[in-house]
Amino acid sequence: MTTLKNDTLLRALLKQSVEYTPVWLMRQAGRYLAEYNATRARAGDFLALCKNPGFATEVTMQPLARFPLDAAILFSDILTIPDAMGLGLYFAHGEGPMFERPLREEKEIRALKIPDPDAELRYVMDAVSEIRKALDNRVPLIGFSGSPFTLACYMVEGRGGTDFREIKTMLYQRPELLHHILDVNAKAVTAYLNAQIESGAQIAMIFDTWGGALSHAAYQEFSLRYMQQIIAGLKREHEGVRIPNIVFTKGGGLWLEAIADIGCDAVGLDWTIDIGEARRRVGDKVALQGNLDPSVLFASPEVINIEVEKILLSYGAGSGHVFNLGHGISQFTPPENAAALVEAVHTLSRKFHLANA
């Protein structure tokens with residue numbers, strides 16, 4: 001294995017000493033970049049962009065050409081798994097992802113099959129391999145999946161942005177059916193992430209976008225339990241190199257200690273929690289990732305500097321912090337403001353790591 005030229009992110013995730021706080025952005029390859037929009041237009045549509053390893057590599061690399069980010073993240077979508085299960089994923093203009101065949105009938109739910117990552121999801125593995133080659137060991141590559149519960153929300157509701165009526169009715173009325181979906185999803189996600197690791201991903205991340213919509217008890221039973229199952233089954237090492245993992249529940253601030261207890265290496269935070277308070281609550285158990293409000297990037301570079309400094313001050317000295325947004329970057333973000341953010345984190349964070357200099 002060739003050594004990474006910049007392994008700052010990997011070291012921070014493992015709470016090893018670093019010279020500065022590393023930074024990457026959720027949804028860093030996206031519509032706020034003109035070059036992304038040009039590639040997407042060439043691809044024809046979003047799904048064609050995801051399913052073509054050449055295009056996926058191209059857009060993964062675009063933000064790294066603009067900004068000195070400390071990681072690349074695979075360009076893909078969290079709904080690749082249910083799509084491979086045959087639910088008929090499509091993207092309606094202005095409405096986001098939708099499924100032609102949402103899961104409503106018990107017979108369909110019982111018939112769910114775990115996709116083979118090397119067959120139905122081969123295009124993702126090919127993209128991972130191609131991106132690793134393009135990166136040439138510049139920075140690590142993050143692979144990812146949606147959480148079992150988040151995938152189930154789309155699979156049962158048939159779309160995003162809902163009031164969760166269908167899935168919550170199932171959760172309370174027929175919990176055994178939802179548990180079946182979640183168990184299949186957890187096995188599918190584990191196989192999918194391990195295949196990404198074998199193909200070249202150096203970090204694995206689970207996006208639990210909708211876990212925060214659950215009650216306290218339901219979160220433990222229907223979301224966290226299945227993420228713990230995945231973490232237990234993930235490869236922790238590949239070709240002699242440690243593979244860290246990150247779990248991010250949007251709206252999960254109430255459950256930080258419980259998330260930190262499932263065996264993950266890092267916990268992602270949205271912007272609703274103070275990162276210093278989060279650090280006090282989880283201690284040295286895990287690294288923390290986050291957690292600037294993405295809307296800060298609509299303000300001036302001076303304001304961005306102030307808000308970055310607040311988060312760095314709150315976290316305090318020492319390693320174990322990966323700077324990120326509290327959710328994905330908005331398509332309306334001026335690219336120069338993303339550049340100001342990366343510069344601010346790299347410059348302002350060094351004083352918090354002087355003992356490691």
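Helices (H or I, at least four residues) and strands (E, at least two residues) are taken here as DSSP runs, numbered from the N terminus. By that assignment, tyrosine 154 belongs to helix α8, residues 148-157. The model is predicted, so that local features need pLDDT of at least 70 and side-chain atom pairs count only at pLDDT 80 or more, while totals for chains, interfaces and linings use all residues. Residues are numbered from 1 along each chain as its sequence is written, and side-chain values use heavy atoms, with hydrogens and water left out.

**Overall fold**

The protein chain holds 15 helices and 11 strands. Its radius of gyration, taken over C-alpha atoms, is 19 Å, close to the 21 Å that the globule rule (2.2 Å times the number of residues to the power 0.38) gives for 357 residues; the chain is therefore as compact as a globular protein of that length. Along the principal axes, the C-alpha atoms fill a box of roughly 60 × 45 × 45 Å. Of the 357 residues, 59% are buried, where buried means under 20% relative accessible area with a 1.4 Å probe and protein chains only. Among contacts (heavy atoms within 4.5 Å) with a separation of 6 or more, 73% are between residues 24 or more positions apart. The accessible surface, from the Shrake-Rupley method with a 1.4 Å probe, comes to about 14000 Å², and carbon and sulfur atoms account for 51% of that area.

**Strand pairing**

Two strands pair if DSSP finds at least two bridges between them. An open sheet of 7 strands has the order β1-β4-β5-β8-β9-β10-β11, with parallel pairing. Its edge strands, β1 (72-73) and β11 (321-322), each pair on one side only. Two strand pairs are set out below.

| Strand pair | Direction | Bridges | Opposite residues |
|---|---|---|---|
| β2 (residues 89-92) and β3 (residues 96-99) | antiparallel | 4 | tyrosine 90 and methionine 98 |
| β8 (residues 245-249) and β9 (residues 266-268) | parallel | 3 | valine 247 and valine 267 |

The hairpin of β2 and β3 has 3 residues between the strands, and glycine 94 takes a positive phi near 75° there.

**Annotated residues**

UniProt positions follow the numbering used here, feature names are shortened, and annotations may be inferred rather than shown by experiment. In an unreviewed entry, the UniProt annotation "binding site" covers Arg27, Gln28, Ala29, Gly30, Arg31, Asp77, Tyr154, Thr209 and His327. These residues span 301 residues in sequence and their farthest two C-alpha atoms are 22.8 Å apart, so they do not all gather at one spot.

Glycine 30 lies in the loop between α1 (8-13) and α2 (34-43), and counts as buried at 5% relative accessibility. Tyrosine 154 also counts as buried, at 10% relative accessibility. Beyond its neighbours within four places in sequence, tyrosine 154 is in contact with Ile78, Leu79, Pro97, Phe99, Arg159, Gly160 and Trp210.

For "domain: Uroporphyrinogen decarboxylase (URO-D)", the unreviewed UniProt entry lists residues 22-31 and 142-158. Residues 22-31 are 0% helix and 0% strand, with end C-alpha atoms 23 Å apart. Residues 142-158 are 59% helix and 29% strand, with end C-alpha atoms 27 Å apart.

Technical notes: Buried means under 20% relative accessible area, exposed over 50%, partly exposed in between (1.4 Å probe, protein chains only).
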